[in-house]
There are 2 protein chains.
Amino acid sequence: MAVPDTGPERPRTNPIRPTDDEARRLARSLIDEARFAALAVLAEGRPVVTRIALGTTPRGAPLTLVSDLAAHTVALRADPKASLLVGEPGPRGDPLTHPRLTLEATARFLRKDPALRAHYLATHPKSKLYVDFADFHFVTFDVVAAHLNGGFGKAFRLTPADLGLG
Amino acid sequence: MAVPDTGPERPRTNPIRPTDDEARRLARSLIDEARFAALAVLAEGRPVVTRIALGTTPRGAPLTLVSDLAAHTVALRADPKASLLVGEPGPRGDPLTHPRLTLEATARFLRKDPALRAHYLATHPKSKLYVDFADFHFVTFDVVAAHLNGGFGKAFRLTPADLGLG
């Protein structure tokens with residue numbers, strides 16, 4: 001027996017708040033503190049989401065280290081459109097009140113520059129075990145747009161410049 | 001000064017292991033224990049990943065409760081192709097050794113059936129505050145394929161039947 005969807009109607013106001021410095025700082029900290037992220041790619045026209053390690057380039061852009069053996073790497077070589085989710089809920093409390101940041105981005109494969117390698121290994125020391133394997137590559141993400149959700153009713157749309165990536 | 005990608009070459013063997021009952025049980029438990037998930041959708045041809053609450057239908061299919069005010073809901077109404085990532089790393093240890101499950105799926109909007117509502121609220125009691133708002137809808141995910149990563153080198157490809165959803 002279906003219940004009609006006739007609960008209270010709510011006003012369809014724009015849920016996006018004006019961007020302020022607090023939102024910019026929170027978004028930036030979610031990138032800087034992330035050690036991993038959910039990565040969405042396109043595979044034969046379907047979205048596919050997996051977990052990747054995440055660090056930053058020396059200028060603060062999101063950076064990962066991926067293997068050619070991984071399906072997401074194959075997908076990004078075929079189509080660099082990508083999205084990242086950072087901001088992990090703790091073990092307690094409502095996960096949907098925990099701040100998180102969605103990035104829309106374009107993936108770009110980088111060479112293993114020594115400065116890049118050192119910067120990444122500083123936050124991901126265990127990656128030393130496989131960073132030099134030939135099938136592992138650094139990939140950075142050129143951010144196109146960002147969506148910050150600071151908890152219920154606290155949504156912001158941010159630009160790359162808001163994240164210091166202008 | 002770029003370092004050539006000339007580290008040790010590794011054999012390009014198929015990294016997918018044969019599916020066994022342990023893999024099936026682990027995948028099923030990752031769905032049953034999830035209270036939230038990363039959801040990837042398509043928005044104007046780009047992948048976009050956000051966080052959603054996640055429960056199950058009485059028969060064990062992934063189930064969420066989303067608002068029409070959320071961009072992912074708008075995206076799923078336009079194109080139901082979706083992917084879910086479940087299996088959250090704890091606060092300690094290497095997040096990439098923590099088991100996780102990627103589902104490729106098709107989203108389907110459901111009516112607010114009382115049995116469905118009760119089953120969802122049993123695992124998401126705080127949702128009682130907004131479940132009856134007219135802009136909130138239950139969405140289930142018809143699983144097309146599943147990819148289990150039980151940690152480095154432990155990858156499995158699972159069917160809906162392997163998850164009890166055949």
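**Fold and pairing of two chains in a predicted model**

Arg157(B) is partly exposed, since 15 other C-beta atoms lie within 10 Å of its own; a residue is called buried if 20 or more other C-beta atoms, placed from the backbone, lie within 10 Å of its own, exposed if 12 or fewer do, and partly exposed in between. The model is predicted, and for this reason local features need pLDDT of at least 70 and side-chain atom pairs count only at pLDDT 80 or more, whereas totals for chains, interfaces and linings use all residues. Residues are numbered from 1 along each chain as its sequence is written, while chains are lettered from A and ligands numbered from 1 in the order in which they are written.

Arg157(B) belongs to strand S9 of chain B, which covers residues 155–158; helices (H or I, at least four residues) and strands (E, at least two) are DSSP runs, numbered from the N terminus. Apart from neighbours within four places in sequence, Arg157(B) is in contact with Ile16(B) and His147(B), where contact requires the C-beta atoms of two residues, placed from the backbone, to lie within 7 Å. The C-alpha atom of Arg157(B) is 7.9 Å from that of Arg17(B), although 140 residues separate the two along the chain.

Chain A contains three helices and nine strands, arranged along the sequence as β-α-β-β-β-β-α-β-β-α-β-β. Of the 166 residues in chain A, 40% are buried, and among contacts between residues at least 6 apart in sequence, 66% join residues at least 24 apart. The C-alpha atoms of this chain fill a box of roughly 60 × 40 × 30 Å along the principal axes.

Strand S8 of chain A (residues 136–149) is mostly covered, with 11 of its 14 residues buried. S8(A) pairs in the antiparallel sense with strand S5 (residues 62–67) over five bridges, two strands being paired if DSSP finds at least two bridges between them. Leu65(A) has Phe138(A) in S8(A) as its bridge partner. Strand S7 (residues 100–110) of chain A is also antiparallel to S8(A), over 11 bridges, and here Leu103(A) is partnered by Ala146(A). S8(A) and S9(A) form a hairpin with five residues between them, and Gly151(A) in the turn has a positive phi of about 120°.

In chain B, helix H2 (residues 71–78) has His72(B), Thr73(B), Ala75(B) and Leu76(B) buried. Seen down the axis of H2(B), these buried residues fall within an arc of 160°, so they line one face of the helix; the arc is that of the directions from the helix axis to the C-beta atoms. Among the elements covering the buried residues of H2(B) are strands S5 (62–67) and S8 (136–149) of chain B.

Between the chains, 46 residues of chain B are in contact with 47 residues of chain A. The largest share of the side of chain B that touches chain A, seven residues, comes from S3(B). Chain B can be laid on chain A with an RMSD of 0.0 Å by a turn of 180° and a shift of 0.0 Å along the axis, and the two copies are thus related as by a two-fold rotation axis; the superposition is by least squares on the C-alpha atoms of residues with pLDDT of at least 70 in both. The copies meet through the same surface, because 100% of the interface residues of chain B are also interface residues in chain A.
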